[in-house]
Amino acid sequence: MFKVGSKLFLGLTGFAALTLVAYLIFVERLALGGVALSVVFAVLVGLSAVIIMINDGDSEVQPRDVSLVRASMWPLVTVVGFVLLILGLVVAQVYFIFGIVVVLAALTEWLVQAWSESASDDAAHNESARRRLLHPIEFPVIATLGLGVIIFAFSRIMLAISKSAGAVAFIVLSSLVLLVGAIVALRPALKSALVSGICVAGAVGIVVGGIAGQGAGLRTELAEAAAEGHFLHRECGEEKSKYFDKKAMKTISLRTNPVAIVELRGGVLSAIMTGFNEPQKIVSVPRGNPVTFIFRNFDDAERRMVASLGTAMAAGAETSTEKEGHSDSNETCTQLIPQGAEQALTVTYAKPSIAQEDPLTLTVPGVTGQAIEVVVP
Amino acid sequence: MNHRSSNETPAVGRLSVARVKARRFGQCALVATGAIALLGSCATNAPQDTWQPKGPNAKMIDDLQQPVFAVAGIIGIIVSVAVAYVIWRYKDRGQPIPEQTHGKPALEITLTVIPALILAVVGVFTFRVIFDLARTDDTQLVINVTGQQWWWEYDYPVQNEWGITQPIISSGQLVMPAGTKVLLRETSRDVIHSYWIPALNGKRDAVPGRIHTLRLEADEPGIYAGQCTEFCGLSHANMRMEAVALSKEDFARWIANQQAAYQAPAEGTLAKEGEAVFLNQCVRCHQVDGLKRPDGTLAIAAPDENVWSGAAPNLTKLMTRNTFAGAMFDLLRDACRDDVWKADSAEFGVKYLAGVDEACLNVNDLRAWLRNAPEVKPMYANPALLTETNGKYRGMPNLGLSESDIDKLVAYLLTLK
């Protein structure tokens, strides 16, 4: 009744059903993995139905020429996939998902190889049929994985070496790529084995470098910055963070259409606003709406701009400083920025100025007698 | 002989009758469409007519679009006539297919160069207008404009040269001096809106987190109508605005009045009771500058806690405006409104500055609004259904006011002048 192909697909469908049930019971219900397994199961049901309907394509099982059957690694890989899959049920979901991917890929390869080896009595033709079917899948997948490994390895190198060395590494690597590309373009008759050898050597070099970089760990300041957690807090008084990129927002003003550009120049703080021909000392901003100020420091020393948020803030509202663990503060600020740099500061004033005990201001610590008043109508 | 009865129609005859009917229907539809377009262009009450500029910025656009339309129209007619001629002249009449040729370089180059030249000329003048309209360095008065669903807020930053010594905040009507280069600094509190007073300038989007500028200047005192032109939600069509141009003297009077201190209603009056209702109900969202609670503390509205956009119209000096509810409704009865809108330039300022009194108040619309706002203006104002906004309204909710409370509130609002 059922031929070989039908039996195989029915078996796979049954296996998929068992896996789905096991996943739902032992791992997690209503998770992405369950959805994926359900899709796999549904697809296999459909394929089984089709293959039974067409009676295995009316194929007749021919006596096979054993000499046409090649050695295959796919049974071994499939077993590894199953091991991962079962391990994932106990240890972690990621192994389970990885196991599914390995099993599916290995089964696909195995099935197609087995099918191609019985396609005809001509081994070359069989191999050609296999390639025609699988190469459109294999090449993009292998290329993606290979590039992913190389990019990951390169990133490990860049995170391990110093900033200066990183720039040099970039220049050297891009120059080498350009050089090899130019040679290949100028000498099209170059042996493909040589080109392949160069590419493989380069890739292996990067991967080895990446392994070494991973072993060496992050460069000092990155490791210290990560331990410091400076992205999670900001001080408006004395700077406690040592590592941050002071020029990170240098060109942000080109894109934000700020409510005002606050400049510190010659010890004088002033607000430049479109439409006002003279620098202003009062900035009017709408209530309950995020507004962006740009702070530009032309002073010799590193400076920051501090915005007072007022004593009356929205009930239950989280200010930016509260989010950063400074709930006792009613001010927020830019980071310390050097001469010539600028940073954006986005502030929301939930309550009007008349609700505040003191005027809302923009000030720069260390610069006395200078303040921009923020008026919230 | 086989005779048909007189009411039997041959199949071919029926077909031709159907064709004739279809053709007549098509002709009627064509004529009707043309008539609607023609009659539409004859409308006299068309306050948002883009072809009637009332200020230099709108005139710049008009001066550009008139010749461009003329040139485009002439080219359109030439092309249409040529296409019609070719269709008629070379209609398939069974004649043999003419000799097929490929390419006529001279003709192709000519037909490429001429449109390119026309577009280049149009481009030069267009760029000039764009840059002129983007100027901000000659600004004489700055007004901040903030859009939100579905109304516009205007606040006037401190500008001592205009007598603005403290910020003024208003909504519904943008009041500005005539003959003055006004710069709007636009932003939005929620979604993208677009500010457009056709008689005074083109459109400019109000985008959250960004400040966009728009020049306005009116030649003469008067009211100029506008409309939000970026779809912004349920009541987008009801998000209107009016720009009111006053003479400089009248504008100075308006400024002075807007900065005048709050006058509480007299004790024992209906308006005083209305003030209490306002403090109980309305002040949750609406600010009236200077209004104090019975304990003497300033009443501070908290729209940030109740409204999704974080703001509700400031009702200080409400009765100096002619509109409410995002300029969807008039505060003036029709007769009084016409009296202001149709006043000549010399009288306009006096009539506008008179504001709204009891005799002219459009009490029906105001009462309907206070009774159940979402019923008269579509809004997402049922907090029970607003899970995505944590129960915050988009627009004004139904406060469930009694008729007695509405009487008191109307009396109180009439004092806000």
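Helix 5 of chain B meets helix 11 of chain B through L270(B), A271(B), E273(B), G274(B), E275(B), V277(B) and F278(B) on the one helix and D405(B), D407(B), K408(B), L409(B), A411(B) and Y412(B) on the other, where two residues are in contact if their C-beta atoms, placed from the backbone, lie within 7 Å. This is a predicted model, in which local features need pLDDT of at least 70 and side-chain atom pairs count only at pLDDT 80 or more, while totals for chains, interfaces and linings use all residues. Residues are numbered from 1 along each chain as its sequence is written, and chains are lettered from A and ligands numbered from 1 in the order in which they are written. Helices (H or I, at least four residues) and strands (E, at least two) are DSSP runs, numbered from the N terminus.

Helix 5 spans residues 270-280 and helix 11 spans residues 403-413, and the two pack at an angle of about 105° with their axes 7 Å apart; axes here are lines fitted to C-alpha atoms, for helices over the stretch in contact, and angles run from 0 to 180 degrees between N-to-C directions. The two helices are therefore roughly perpendicular to each other, given that angles under 35 degrees count as roughly parallel, over 145 as roughly antiparallel, 65 to 115 as roughly perpendicular and the rest as oblique. By class, their contact has seven nonpolar, one polar and five charged residues, with Ala, Val, Leu, Ile, Met, Phe, Trp, Tyr, Cys and Pro counted as nonpolar, Asp, Glu, Lys and Arg as charged, and the others, Gly among them, as polar.

These helices belong to a chain that has 11 helices and 12 strands. Of the 417 residues of chain B, 36% count as buried, a residue being buried if 20 or more other C-beta atoms lie within 10 Å of its own, exposed if 12 or fewer, and partly exposed in between, with C-beta atoms placed from the backbone. Among contacts in chain B between residues at least 6 apart in sequence, 67% join residues at least 24 apart. Q48(B), in the loop between helix 1 (11-40) and helix 2 (56-89), and G226(B) are 178 residues apart in sequence and 6.3 Å apart in space, C-alpha to C-alpha. Leaving aside neighbours within four places in sequence, Q48(B) is in contact with P198(B), A225(B), G226(B) and Q227(B), and Q48(B) is partly exposed, with 15 other C-beta atoms within 10 Å.

The strands can be followed next. An open sheet of five strands in chain B has the order 3-2-1-5-8, with mixed pairing; two strands pair if DSSP finds at least two bridges between them. Strand 3 (168-171) and strand 8 (212-216) stand at the edges, each with a single partner strand, so one side of each is left without a neighbour in the sheet. Neighbouring strands of this sheet are turned by 25° against each other on average, direction ignored. Strand 1 and strand 2 of chain B run antiparallel and are joined by five bridges, and N144(B) has D155(B) in strand 2 as its bridge partner. Strand 2 is also joined to strand 3, again antiparallel, by four bridges, with S171(B) in strand 3 as the bridge partner of E153(B).

Some loops of chain B hold backbone features of their own. A cis peptide bond, with omega about -5°, joins Q149(B) and W150(B), and W150(B) lies in the loop between strand 1 (141-148) and strand 2 (151-156). A327(B), a residue other than glycine, has a positive phi near 65°; A327(B) is in the loop between strand 11 and strand 12 (329-330) and is buried, with 26 other C-beta atoms within 10 Å.

In the largest nonpolar core, which has 84 residues, I143(B), M176(B) and A243(B) touch the most other members; a nonpolar core is a set of buried Ala, Val, Leu, Ile, Met, Phe, Trp, Tyr and Cys residues joined through C-beta atoms within 7 Å. A second, separate core of 29 residues includes V259(A), L309(A), C333(A) and I211(B). Between the chains, 26 residues of chain A are in contact with 30 residues of chain B.
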